[in-house]
Amino acid sequence: MTAESLALVQRQGSSQFRGFLGLLRVELRVWFPWRFAVLIVAGVGVFVSIYLPWRLVETNRLGPLLYFSLGLWMAVILIGTISLMEGTVLGDIERGTASWLVGLPVGRPAVISAKFVASAFGLSAAVLATGLLFYPLYRSASELGVTDFTVEQLGEITTSPIGNWGAFATLPGLGSFLSMLLAIALLATFLAALMILFGTLLRSRTAVFGLGLVSFGALVGGWFAGREALEATPIGLVGVVSEGLQNRAMAVNAPAIATLVLSCSLVALAVWRFQRKELR
Amino acid sequence: MTNYAIEARNLTKRYRKVQALDGLSLDVEAGSICGFLGPNGAGKSTTMKVLMGLIRPTGGHAFALGNDVATAGLAARSRIGYLPQDPVFPAQLSVRGLVTYAARLHSGHPVGRTLRRRVDDMLDRVGMSDKARRRVRGLSGGERQRVGIAQALISDPDLVILDEPSAGLDPVGRRAMIDLIADVGRDKTVFYSTHILDDVEQVSDSVVMVNHGTVVAQGPLSSILQATGQDYVVGLRGDTADLKGRVSSQPWVSGLITRSRGSLEEWRIQVSDATAASRLLPILNSGTGHSVVEFHASDRRLEDAYLEMVGADRDS
């Protein structure tokens, strides 16, 4: 190796996070622009599909519309996360990209960490961008006085038995709304960590996808099944969104911190597993 | 003291019922171009993956550039350029982006002007300058191999490990690959696997042959060829049926290949004893009904040595 080359390309050190920034850069290119755009378009699709029936809006149904559209959007983001990430680790291993990458002087922890950080960033950016894009529209509609809402009118939307929907009639304030966006972003990040872990544990992408869906069901269903007991868990974040839409404050701190800690633990477990993985 | 770029000691690797490596030990001298030969499933790729830290051996030790790949793999890989078999690169990258990515991961530095120039030079060297903007996913097999070589060489490594670099290349591409290996091998150690024995003869100065996960021969190419014996070419006319039996029955004759050239019958006699010529000629001249019109020693080809060491065993 020539002196020039040494100066040019050799970096000493054997940190297991060697190469993290370079890997992150390329992982971000997986998310931007395409995955980011897919999530934005899906979000816009959800809002438009519910908002477009102008007749309903004119009959003052912003409250349930907001509830349904944000709830559905959260589901789309989370299921989208599962779909986009089912091949994140396993796909690389199956295709052989991982063999090439790990043959470079990068630490395996750096490979997994870069995937996680890029996913967290991409998902959060998509959630914030879509959410903040639609908040002014809700706000305007609210100011135009379309927030008044009656149980009878809601009956035209759904034939299900209806409880007290009056609480949905008012648009949450921006602070509350941002808390909901944070909760959705963190939930997506948590699912991303789970999908990365599944990718290091399982050998079938179908199984990874299936377990992702089961996790999604457990998150959403968990809140409605045992809300108080699970407040300080990722399931509590579902409650933050649900309660926020009903204008009921719920502290985001505890579930948010718990979710972050849990997500990092899942990634650490994925790193441990990936370090022992044979890349044939 | 011999300086080895690669050392492996009693490497074993077992995949459930398959013994991929079975006590494999090899040495590759620093600065040499070493061809790594063996039939499919012999353990070539497995050995290379052990060296690159992609799989862990069940037993034994491997060292690359003095680093134990199990404990100091990262330090070793920072000085190794590696081309896997059938490489698959991140599809979203362009040709230039991929080579830059590899350079960046080797260096850990942002891409500066010097690095960009180096990437351009490397693409030029492998003949991919005109396709620098193309996506990796759209490349042909041969183009992908060339990009693979570029990313393996971009860090100016001390050791280059290439797993079947000529696979999937057309004759022109193969020729270019061989020239590139010869060029790279002028100041680096190149350890490459291949099934194309002609290529090995052209550029390698040493050879390692494996079969069933163990080394069956290794050393300088010339020694390998000598160790496997000598060939004699004999031209005969007339009735050679009895003679053939007499020659084949000699214990120092390891093979006899015959072919017709018009009225002439040509025999290639493989012998395991260097002094066999003095015993062979009287046998050839004995008997009646035939005449020897041609007799000369022939250089042993690597293919002959390979078939003797690996092929015969395969047939058995």
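Let's start with two strands of chain B. Strand S1, residues 4-15, and strand S4, residues 59-64, pair in the antiparallel sense over 5 bridges. Take Ile6(B): its bridge partner in S4(B) is Ala64(B). Keep in mind that this is a predicted model.

Now the whole sheet. It is open, it has 4 strands, and the order in chain B is S2-S1-S4-S5. The pairing is antiparallel. Which strands are at the edges? Strand S2 (18-29) and strand S5 (67-68) of chain B, and each pairs on one side only.

A helix goes with this sheet. Helix H1 of chain B, residues 44-51, lies across S1, S2 and S4 of chain B. H1(B) runs at about 115° to S1(B).

Next, the two chains together. In chain B, 34 residues are in contact with 28 residues of chain A. Helices H2 (73-77), H3 (95-107) and H4 (113-125) of chain B each give two or more residues to the side that touches chain A. Which one gives the most? H3(B), with 7 residues. By class, that side of chain B has 18 nonpolar, 8 polar and 8 charged residues.

Last stop, chain A. Helix H9, residues 174-201, packs with helix H10, residues 205-226, at an angle of about 145°. The axes of these two helices are 10 Å apart. Is the crossing of H9(A) and H10(A) left-handed or right-handed? Right-handed.

Who meets whom? From H9(A), the residues include Leu187(A), Leu191(A) and Phe198(A). From H10(A), they include Val208(A), Leu211(A) and Phe216(A). The contact of H9(A) with H10(A) has 9 nonpolar residues, 3 polar ones and no charged ones.

Conventions:
Residues are numbered from 1 along each chain as its sequence is written. Chains are lettered from A and ligands numbered from 1 in the order in which they are written. This is a predicted model: local features need pLDDT of at least 70, side-chain atom pairs count only at pLDDT 80 or more; totals for chains, interfaces and linings use all residues. Two strands pair if DSSP finds at least two bridges between them. Two residues are in contact if their C-beta atoms, placed from the backbone, lie within 7 Å. Axes are lines fitted to C-alpha atoms, for helices over the stretch in contact, and angles run from 0 to 180 degrees between N-to-C directions. Ala, Val, Leu, Ile, Met, Phe, Trp, Tyr, Cys and Pro count as nonpolar, Asp, Glu, Lys and Arg as charged, and the others, Gly among them, as polar. A crossing is left-handed if the near helix is turned anticlockwise from the far one by less than a right angle, and right-handed if clockwise.
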